[in-house]
Amino acid sequence: MLDAILSGFDGLAAGGRYLLASGGPNVIMLAVAGVMFYLAIAKGVEPLLLLPIAFGCFLANLPLSDLMQEHGVLRTLYDFGIGNELFPLLIFVGIGSMTDFSPLLANPRLLLFGAAGQLGIFFTLLLALALGFTKEEAVSVAMIGACDGPTVIFVSNLFAGLHKIPTAMVGALAVAAYSYMALVPVLQPPIMRLLTTEKERAVKMPATRGRISKTALIAFPLVVTALTGLIAPQGLPLMGMIMLGNFMKVSGVVPRLASASENEIANIATLFLGLAIGGTMNGHDFLKWNTLLVFGLGLIAIVVDTAGGILLGKIWYALSGGKVNPLLGAAGISAYPMAARLVQNEGQRWNKQNHLLMHAMGANTGGQIGSVMAAAIMLSVLKGLGII
Amino acid sequence: MTNTTFGLTMLVVGMGGTLATLWLLTGLLRLLTRMFPVEPKPVKPAGAADHA
């Protein structure tokens, strides 16, 4: 009888014993979860995703947690929606429903800023390879430069599914991607000021053309999907889903589906995705030297993205005889609509009569298409090289 | 394939491909907006009364 009671107490003390014996990494990750809670709740840093990620991390690092073991709730969520890429794609349907592409259609040339804004991806890829990451790891890290969380998760998880990168790395990449997306308002303005002159920043641009016909708006997602699917079929799930969301919105005939995509579906997918990603952040797997490198390289990727866009803006400024404000280049990343608002604020700071918002929105939606396109092309090239 | 070859291939084909695709798309979007311009609103004759 006494033995049974002692065994019972022993079972209750197992968690504490584990923590003392080998729980160091878990304790650190519990502290990391605490920092993420603080950032999400007190600072409003991407709370929609950071909060569930932090909670998943919290759950996965409690002593003897079996939530990521087979049949554990976090593992079930992971297998149900991340292992097969479903959740990032559902979020993409929502993003498509939320995005208004008409500023881009009003001035399609702004799409080129969306290409220049991906320079950080390719620069970081070279850097990651030089630092000793494997090809698949380097591509995954470089994708942080897409400034687009679901794209990073989609690409990295593809490699994790093929056992080419550790599953824990997906968590690190996701947290890095969302953290830097949230830090765009802090990171971009100094780069904008460093790379442009006061005269360039004050350039006033004429109002955009205005309305776009409904037929053009409806044809847009079909044309984009068909062209990009033809060139880079490996990225069709990404582009197809974002354009599906937009198609439903602009068609105007399925308001319930469009509304569900941008609300219920996107919200549920975000919650489950965050929890499952957080679940991969077990201290024993997560706390590696490479994780720190991932965060460092991610920062470089975002900085080079911004610089690439602004440099194209400066070339454009020179070629147009000073009619294009080079700040627009900073909006050529996927952080929508944050980057566009930053360009508007920065433009107004140097010229109170400057209204760059609609141009910047065009460049920003171009950045969304550009980041997905860059990922799609990378995956297709990898397929062509026989790596995936 | 060495890492250097891989990296440079991705840089050239990846960045070049992204730029080329988006440039092509720019052309298609311009075509699209020209093919389907905004229908002009019917102009009311001067002095015509509104019927609410």
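Me: In which loop of chain A is the place of P337(A)?

Reply: In this predicted model, P337(A) sits in the loop that runs between α18 (289-319) and α19 (338-350) of chain A. The peptide bond that joins Y336(A) to P337(A) is cis, with an omega of about -5°.

Two other loops of chain A deserve attention for their phi angles. In the loop between α4 (73-82) and α5 (86-98) one finds E85(A), whose phi is near 70°, a positive value in a residue other than glycine. The relative accessible area of E85(A) is 8%, and since buried means under 20%, E85(A) is to be described as buried.

C147(A), which lies in the loop between α9 (135-142) and α10 (149-161) of chain A, is likewise not a glycine and has a positive phi, in this case near 55°. With a relative accessibility of 1%, C147(A) also counts as buried.

A further loop position, D66(A), is found between α3 (47-60) and α4 of chain A. Here the relative accessibility is 49%, and D66(A) therefore counts as partly exposed, given that a residue is called exposed over 50%. For a sense of distance along and across the chain, D66(A) and Q348(A) are separated by 282 residues in sequence, while their C-alpha atoms are 53 Å apart in space.

Note on methods:
Residues are numbered from 1 along each chain as its sequence is written. Chains are lettered from A and ligands numbered from 1 in the order in which they are written. This is a predicted model: local features need pLDDT of at least 70, side-chain atom pairs count only at pLDDT 80 or more; totals for chains, interfaces and linings use all residues. Side-chain values use heavy atoms; hydrogens and water are left out. Helices (H or I, at least four residues) and strands (E, at least two) are DSSP runs, numbered from the N terminus. Buried means under 20% relative accessible area, exposed over 50%, partly exposed in between (1.4 Å probe, protein chains only).
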